[in-house]
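Me: I'm new to reading protein models. Could you walk me through one, feature by feature?

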Amino acid sequence: MEKYLFANEKRALLEGMQVPFAVYQLIDKKVVTLVLSEGFCNMFGYRDREKAYSDMNNNLYMYAHPDDVARIADEAFRFASDDGGKFEVIYRTRARDRAEYNVVHAIGKHTYTETGARLAHVWYTDEGTYTEEPNANETTLNKALNDALHQESILNATYHDYLTGLPRMTYFFELAESEENAIENAGKNSVILFFDLSGMKAFNSKNGFAEGDKLLKLFSELLIRMFGSVNCCHAGVDHFSVCTEEDGLEKKLYQLFAECKRMNDGNSLPVHVGIYQNSLEHVLVSTAVDRAKYACDELHETYGSCFNYFNEEMREKVHLRQHVVSNLNKALEEKWVQVYYQPIVRAVNGQACDEEALARWVDPVNGLLSPSEFIPYLESAGILYKLDLYVLEQVLAKINRLKKLDMPVISQSINLSRSDFDSCDIVEEIRKRVDDAGVEHNYITIEITESVVGSNFEYMKEQIERFQALGFPVWMDDFGSGYSSMDVLQEIAFDLVKFDMNFMRKYDKGTKGKIILTELIKMTMALGVDTVCEGIETEDQVHFLQDIGCSRLQGYYYHKPASMETYIDEYTKGMLNFGYEDPEETDYYESIDRVNLYDLAFVVNDSGENTLQNIFNTIPMGILEIEDWGVRLVRSNQAYRDFIDRYLGFDLSEKGYVQDGIFGPGSAFMNLVKECCQGKGHAFFDEEMPDGSTAHTFARKISINPVTGKAAAAIAILSISEPTDGTTYASIARVLASDYYNIYYVDMETERFIEYSSPAGSDKLAVERHGDQFFAATQQETVKRIYEEDREPFIKIFTKENILKEISERGVFKTSYRLIDTGKPQYADLKAISMQSKRYIIMGISIVDSKLNHTKEHNVLRMDRDSNAIVEALSGDYLCLYTIDPQTGYYREYSSTDSYKELGLNTEGNNFFYNIICDAERVVYPDDLPLFREQMNKENVLATIKENGMFKLHHRIIIDGEPKPVSLKIAMVRKNDGDKLIAGIRVWKERKQR
């Protein structure tokens, strides 16, 4: 008897079925396999249908359990030899890619062809895992099936599923055919439904298989209630099928969804439903089930219960899938599949350093097919490896041809799928072909998507490492398109990361995408991994990616994917808008690519230069919160903490957030930061460090706390200048710091200026500040700094025109006025002269009455002490005496004991009541602090003096490590130059009670 041959279309239809199904023919007493469906190959672990045919024809039961082989073979031969017999057998077998056995139920029947050939059609159902010994965790289904292997009586009458009681798939086909006829005879339309309990695997993992079986039973009962027992079937594991009429279907499904949600006390699963309408095309029940499953599978990314109709578009896809899978070998032989190439251009030189090989299918029937139209079908069929190895062979042939033509040869990348690794040892297959072609391994790059890695992480990591050990670079493709890309990148050392083209598609939709891409590239660079961005179409995108450090670019901006012949022609004619990188220069340019421009570590580390000891890997930055008593560090980076520790000897990591002793109240730094927060919101200034170097600093106000009034400012140390013996304007200004209160260096054309300032009488310049619009800034500061009676005359004379006129005529500009910076009027002289270039002037402000004021204060205190009222008020042994201006708050210490001096308190300054509270935090005994804070404020002290003639406060201070009781007395004396407060602190001895 000759082998029966199906027509191509019929064969493609049968092979494309998702139901596990096979067609056999007995020829010369030997079983020959004619058709294996896609469902059969999937069930038995065959990625390659040709391998499945080979196994079935040579050893039909090679994976069956040894104890079952003879029994199955006898039953199969009896069935094949019997004209009207029926085949039904339950046996143990395993898939070729798994070690454990499953229980399989096979049912077959005979059919006759138009030529009289008798064929055996066999359907297979997977009944679950076989267990050798019963155990407590064994499901009801497994127990029943394992017993069935030893009870021949039930083998001949099994039409229903053991677990659910529903008809099995093969019996359902017969029942559904009868139901369809009944529905159509009644003038109605019939439909086939395919149900999938979405997430059953995770449910079993979480709740156990017993709970999973319970859920399947409950769902079966729900189907029976809604559609009737003879119209439903359990198609295997978590799948069910139903035959019913189309009228009122959607209403029933919504009702089913609602009841399913409440089922099993709410511990249930969403239901996906695929619907095939027989009115679309009347087909066999098995084909209708397959199409309904196709519609159901389209919902795999949808969470929640829903349904989907099989439509004309899906039917075309099904036909296309069958065509693609059936014709792959022919497509490769006839060169329907062509390899196109797209250049990958290095950002630093604009030259192509790699090319990606892309497959295009030019079909004689369906025209040009994009990869998305055929790759998924080949992958699901387990034969994509044939296409990918074909692409590799074309790439290798291209490389050798270009070498013969003496044309540039660069690295070529090929894409691999997960099915490639399942179908064969793809690493070895690629190595062998590359070596046979005589091509160096580094010319072939492997691209693998994140989703491929995630499907079996440890296995894929091992394969990637095998590739890399052989010298094949491995790239992660479509980075950012999956949910676990970060985890994969952390665990696997890819040579390059290719960013998904969706980033560029969203390029013009706002700044969020740009920010995300920028940070991802920075992160990848920090890991030492190169980057490629796909989908480049505009020059603006090119510049953006160059700026953020993307090392390679790919997209239509440079060239669309094209054939090798197109590139050869355009290269020969000089039509390409890019060149090809010389392989001899690749290492050089890759070393440039790997420099992270967001990290100075590359420049600083291993330099051996002492001049770089003050350079930080990142700009030192901190956020300060400004309060009345000082400053608190809220946030900082490591570089800022290193800066504080290195230059100011303060370890923030040990002492926490508070910067005690670094920038105290009244310091020049604090004054400038406060001015920044109160004024225009930002300032540049220079600050001299203890080692003589200069920190160039920028401060910007962030916000003001609306409740507390505290200001937050960001501080950045832009650079640090080494101490130098050279003469600069800054060094000249510092020399003059002891004589000048402020020194300005002004550009009279642009009005940009540098201010050097220091506390009056200091021999050290604290800070250097840069600013704009000098005369406008001066006008604003006049109100705050100059005595009220002197403001109008100063504003009138201090103009740009007048200063230039005076300097031109007399060589110098001079004026005097009174300052109130310290809280009381002080006479100041201002002098300005021009530099050699008339464009610049130097202006200095000096305090002229500081010595006189000191002498006057001394005399006042001496006269006050002679006053009987003061002697009476301040009798006793005093640790310290102060004189205080009640209006301005200016104070000066007159005398103090040695033990009191050791406390290190301020001897003069502004705002006496503020400073004494600050000092109290350090010296007043903690238990007495609350009372001291409450009583020692200006309003309370003056009110008490007005009412009682004197203010008194008993408390304890820490002297020589011990709390010592003291008494603070404050009284008012009236002098010709105004009222003064005299404050004295003496040791207090409690009187003994009689």
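This is a predicted model: local features need pLDDT of at least 70, side-chain atom pairs count only at pLDDT 80 or more; totals for chains, interfaces and linings use all residues.

Me: How do α15 and α17 lie to each other, roughly parallel or roughly perpendicular?
Reply: To judge a helix pair, look at the angle between the two axes, taken from N to C; under 35 degrees counts as roughly parallel. Helix α15 (residues 426–437) and helix α17 (residues 457–469) pack at about 15 degrees, and their axes are 10 Å apart. The two helices are therefore roughly parallel to each other. The crossing of α15 past α17 is right-handed.

Me: Which residues of α15 and α17 meet?
Reply: From α15 come Ile-426, Val-427, Glu-428 and Ile-430, and from α17 come Gln-463, Arg-466 and Phe-467. Sorted by kind, the residues of this contact are four nonpolar, one polar and two charged.

Me: At what angle do α20 and α21 pack?
Reply: Helix α20 (residues 512–526) and helix α21 (residues 539–548) make an angle of about 40 degrees, with 10 Å between their axes. That angle makes α20 oblique to α21. In this pair, too, look at the handedness: α20 passes α21 in a right-handed crossing.

Me: Which residues of α20 meet which residues of α21?
Reply: On the α20 side they are Lys-514, Leu-517, Thr-518, Ile-521 and Met-525, and on the α21 side Phe-544, Leu-545 and Ile-548. This contact divides into six nonpolar residues, one polar and one charged.

Me: Which residues touch the most other members of the largest nonpolar core?
Reply: A core of this kind is built from buried nonpolar residues whose side chains are linked to one another. Here the largest one holds 122 residues, and Ile-430 and Leu-545 touch the most other members. Helix α13 (residues 384–404) gives the most to this core, namely 11 residues.

Me: What is Leu-545 in contact with, leaving aside its neighbours within four places in sequence?
Reply: Its partners are Met-504, Leu-517, Ile-521, Cys-533, Ile-536, Cys-550 and Leu-553. There is also a second, separate core of 30 residues, which includes Leu-903, Val-924, Phe-951 and Leu-968.

Me: Is Leu-384 buried or exposed?
Reply: The cut-off for buried is under 20% relative accessible area. Leu-384, found in helix α13, has 2% relative accessibility, so this residue counts as buried. Not counting residues up to four places away in sequence, Leu-384 touches Ile-375, Leu-378, Glu-379, Ser-417, Ser-419 and Asp-420. Take Ser-419 as an example: Leu-384 and Ser-419 are 35 residues apart along the chain, yet their C-alpha atoms are separated by 6.8 Å.

Me: Is Leu-249 buried or exposed, and what does it contact?
Reply: Leu-249, in helix α9 (residues 249–262), counts as buried at 2% relative accessibility. Beyond its neighbours within four places in sequence, Leu-249 is in contact with Val-191, Leu-193, Thr-244, Ile-275 and Tyr-309. Leu-249 and Ile-275 are 26 residues apart in sequence, with 9.9 Å from C-alpha to C-alpha.

Me: And Ile-464, is it buried or exposed?
Reply: Ile-464 is part of helix α17 and has 0% relative accessibility, so Ile-464 counts as buried. Leaving out residues up to four places away in sequence, Ile-464 touches Ile-448, Val-453, Val-474, Ile-492 and Phe-494.

Me: What is the phi of Asp-265, and what is the phi of Asp-406?
Reply: The general idea is that most residues other than glycine have a negative phi. In this structure, phi of Asp-265 is near 55 degrees, a positive value. Phi of Asp-406 is positive as well, near 60 degrees.

Me: Where do Asp-265 and Asp-406 lie?
Reply: Asp-265 sits in the loop between α9 and β9 (271–277), while Asp-406 is in the loop between α13 and β14 (411–415). For surface exposure, the cut-off is over 50%. Asp-265 counts as exposed at 81% relative accessibility, and Asp-406 is exposed with a relative accessible area of 70%.

Me: To finish, how many helices and strands are there in the protein?
Reply: The protein has 37 helices and 38 strands. Of its 994 residues, 49% are buried. Among contacts with a separation of 6 or more, 57% join residues 24 or more positions apart.

Methods
Residues are numbered from 1 along each chain as its sequence is written. Side-chain values use heavy atoms; hydrogens and water are left out. A nonpolar core is a set of buried Ala, Val, Leu, Ile, Met, Phe, Trp, Tyr and Cys residues joined through side-chain atoms within 4.5 Å. Buried means under 20% relative accessible area, exposed over 50%, partly exposed in between (1.4 Å probe, protein chains only). Helices (H or I, at least four residues) and strands (E, at least two) are DSSP runs, numbered from the N terminus. Contact means heavy atoms within 4.5 Å. Axes are lines fitted to C-alpha atoms, for helices over the stretch in contact, and angles run from 0 to 180 degrees between N-to-C directions. Angles under 35 degrees count as roughly parallel, over 145 as roughly antiparallel, 65 to 115 as roughly perpendicular and the rest as oblique. A crossing is left-handed if the near helix is turned anticlockwise from the far one by less than a right angle, and right-handed if clockwise. Ala, Val, Leu, Ile, Met, Phe, Trp, Tyr, Cys and Pro count as nonpolar, Asp, Glu, Lys and Arg as charged, and the others, Gly among them, as polar.
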